[in-house]
Amino acid sequence: MPKYFFHIRRNDVFEEDPEGIDLATPELAFEEATAGAREIVAERIRMGNRANGDTFEIMTEDGSLVATVPFRSAIRLD
C-alpha cells in the first residue's frame, strides 16, 4: 500500500510530515487531508486564531505531488 505524506504550507513556511500514512488510493489521501484540514480549522476557530491560509501538499514516498488541499476548501460557509 502506498504511503502518503501530508505536508503543510503556510505562506513561506513548509512543515514536513515525517511519518505519512498508508492509504490505498490518492482519493483516500485527498479525503484524509480534507478531514484533517477541517479538524485544524475547527481548533483554530475555538482558539480564536486565523482559520485559513494553509494548504496540505499531499506527496508520495518518491516526492511526487498528488494533490493540494487548501484549508479553506475543506469548510463550507454557506
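A residue is called buried at under 20% relative accessible area, exposed at over 50%, and partly exposed in between (1.4 Å probe, protein chains only). By this criterion Asp54 is buried, with a relative accessible area of 4%. The model is predicted: local features need pLDDT of at least 70, side-chain atom pairs count only at pLDDT 80 or more, and totals for chains, interfaces and linings use all residues. Residues are numbered from 1 along each chain as its sequence is written, and side-chain values use heavy atoms, with hydrogens and water left out.

Salt bridges were examined next. Side chains of opposite charge can pair when their charged atoms come close. A salt bridge is defined here as a side-chain nitrogen of Lys or Arg within 4 Å of a carboxyl oxygen of Asp or Glu. Five salt bridges are found in a search of the whole structure. In one of them, Arg10 pairs with Asp54, with 3.0 Å between the closest N and O atoms. Arg10 belongs to strand S1 (residues 3–10) and Asp54 to strand S4 (residues 54–60), so the bridge links distant parts of the chain, 44 residues apart. Helices (H or I, at least four residues) and strands (E, at least two) are DSSP runs, numbered from the N terminus. Arg10 is partly exposed, at 27% relative accessibility.

Asp54 also meets the side chain of Arg44 in a salt bridge, at 2.6 Å from N to O. This pair joins strand S4 to helix H1, and the two residues are ten residues apart. Arg44 is buried, with a relative accessible area of 16%. Arg10, Glu15, Arg44 and Asp54 are linked in a network of salt bridges.

Glu43 is partly exposed, at 37% relative accessibility. Arg46 is exposed, with a relative accessible area of 60%.

Aromatic contacts were then considered. Rings of Phe, Tyr and Trp (its six-membered ring) pair if their centres lie within 6.5 Å; planes under 30 degrees apart count as stacked, over 60 as edge-to-face and the rest as tilted. The whole structure holds two aromatic pairs. The ring centres of Phe6 and Phe56 are 6.1 Å apart and their planes stand at 85°, so this pair is edge-to-face. Phe6 lies in strand S1 and Phe56 in strand S4, so the contact ties together parts 50 residues apart in sequence. Both Phe6 and Phe56 are buried.

Phe56 and Phe71 make the other pair, with ring centres 5.1 Å apart and planes at 45°, so it is tilted. Phe71 is in the segment after strand S5 (65–70), so its pairing with Phe56 in strand S4 ties together parts 15 residues apart in sequence. Phe71 is buried, as is Phe56. Phe6, Phe56 and Phe71 form one aromatic cluster.

The segment after S5 also contains Ser73. Ser73 is partly exposed, at 47% relative accessibility. The side chain of Ser73 reaches the backbone oxygen of Pro70 at 2.6 Å. Ser73 and Thr55 are 18 residues apart along the chain, and 9.3 Å separates their C-alpha atoms.

Terms used:
Polar contact = N/O pair within 3.5 Å; in protein donor to acceptor, adjacent residues only side chain to side chain.
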